[in-house]
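The sequence and the model come first.

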Amino acid sequence: MNLISGGLLAGVAVAAAGVLLARRRYVVVTVDGVSMAPTLNDGDRILVRRRRLDQVSRGDVVVLEPTPDPTGRILPGPPGPDGRRWNIKRAVALPGDPVPPDVPVEGDVERVPAGALVVFGDNERSFDSRQRGFFHEDRLLGVALRRLGGSSL
């Protein structure tokens with residue numbers, strides 16, 4: 001009997017450790033808005049794998065916090081359950097890549113600087129790097145893997 005209860009306890013501990021590990025690597029985010037339509041729609045839930053900037057590829061759908069807008073004219077959406085505001089955009093230029101022509105930069109910047117990336121929404125009504133400039137790596141949550149209940153991205 002002790003062998004069975006010991007094995008059950010070990011199994012529960014392994015399962016709990018697996019859940020904790022998954023929560024550290026993966027996050028579920030709900031899409032709020034139309035900036036990624038038609039790829040993602042308002043209300044879609046997506047599975048996001050936490051990633052560093054050096055693990056992002058051009059074309060990845062990324063989740064990140066918006067950069068502050070010093071003018072106050074571009075307001076981010078409402079905060080999520082964790083109290084943070086998230087943007088879902090497509091990575092179009094990474095550190096060292098040429099800066100796309102429609103991205104505002106100060107001075108003579110021709111390449112995306114280290115620690116930054118350029119992101120665009122799939123929808124033409126997106127507020128993204130075309131208005132906000134570079135997004136910084138400290139605001140990156142991760143890369144969207146798939147729509148829950150749907151296909152990979």
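## Sheet and overall layout

Seven strands form an open sheet in the order E1-E2-E7-E3-E4-E5-E6, with antiparallel pairing. E1 and strand E6 (135–136) are the edge strands, each pairing on one side only. Two strands pair if DSSP finds at least two bridges between them. Helices (H or I, at least four residues) and strands (E, at least two) are DSSP runs, numbered from the N terminus.

The model is predicted: local features need pLDDT of at least 70, side-chain atom pairs count only at pLDDT 80 or more, and totals for chains, interfaces and linings use all residues. Residues are numbered from 1 along each chain as its sequence is written, and side-chain values use heavy atoms, with hydrogens and water left out. The protein has two helices and seven strands, which follow the pattern α-β-β-β-β-β-α-β-β along the sequence. Of its 153 residues, 34% count as buried, where buried means under 20% relative accessible area, exposed over 50% and partly exposed in between (1.4 Å probe, protein chains only). Among contacts (heavy atoms within 4.5 Å) with a separation of 6 or more, 61% come from residues 24 or more positions apart.

## Strand E3 and its partners

E3 is joined to E7 by three bridges, and the two run antiparallel. Val62 stands opposite Val143 in E7. Four bridges join E3 to E4, again antiparallel, and here Val63 stands opposite Ile88 in E4.

In a regular strand the side chains alternate between the two faces of the sheet. In E3, Val61 and Val63 point one way, Val62 and Leu64 point the other way, and all are buried. Beyond four places in sequence, Val63 touches Val29, Ile46, Val48, Trp86, Asn87, Ile88, Arg139, Leu140, Leu141 and Gly142.

## Nonpolar cores

A nonpolar core is a set of buried Ala, Val, Leu, Ile, Met, Phe, Trp, Tyr and Cys residues joined through side-chain atoms within 4.5 Å. The largest one has 12 residues: Val27, Val29, Val31, Met36, Leu40, Ile46, Val48, Val61, Val63, Ile88, Leu141 and Ala144. Two or more residues of this core come from each of E1, E2, strand E3 (61–64) and strand E7 (140–147). A second, separate core has 11 residues, including Val56, Leu64, Leu94 and Val119.

Asp128 is in the loop between strand E5 (116–120) and helix H2 (129–132). Is Asp128 buried or exposed? Its relative accessible area is 0%, so Asp128 counts as buried. Leaving out residues up to four places away in sequence, Asp128 touches Lys89, Val119, Phe120, Gly121, Gly133 and Phe135.

A polar atom of the Asp128 side chain lies 2.9 Å from the backbone nitrogen of Gly121. The side chains of Asp128 and Arg130 are joined by a polar contact of 2.6 Å. A polar contact is a pair of N or O atoms within 3.5 Å; within protein, one must be able to donate a hydrogen and the other to accept it, and residues adjacent in sequence count only if both atoms are side-chain atoms. Arg130 also lies over the face of Phe120, at 4.0 Å from the ring centre; the criterion is NZ of Lys or CZ of Arg within 6 Å of the ring centre and within 35 degrees of the ring normal.

Asp97 is found in the loop between strand E4 (87–93) and E5. Asp97 is buried, with a relative accessible area of 13%. The Asp97 side chain reaches the backbone nitrogen of Leu94 at 2.8 Å. Outside four places in sequence, Asp97 is in contact with Arg58, Glu110, Arg111 and Val112. Asp97 and Glu110 are 13 residues apart in sequence, and their C-alpha atoms are 8.5 Å apart.

Glu65 is in the loop between E3 and E4 and counts as buried at 16% relative accessibility. With neighbours within four places in sequence set aside, Glu65 is in contact with Arg84, Arg85, Trp86, Phe135 and Arg139.

## A cis peptide bond

Most residues other than glycine have a negative phi, and most peptide bonds are trans. The peptide bond from Ala37 to Pro38 is cis, with omega near 10 degrees. Pro38 is located in the loop between strand E1 (26–30) and strand E2 (45–50).
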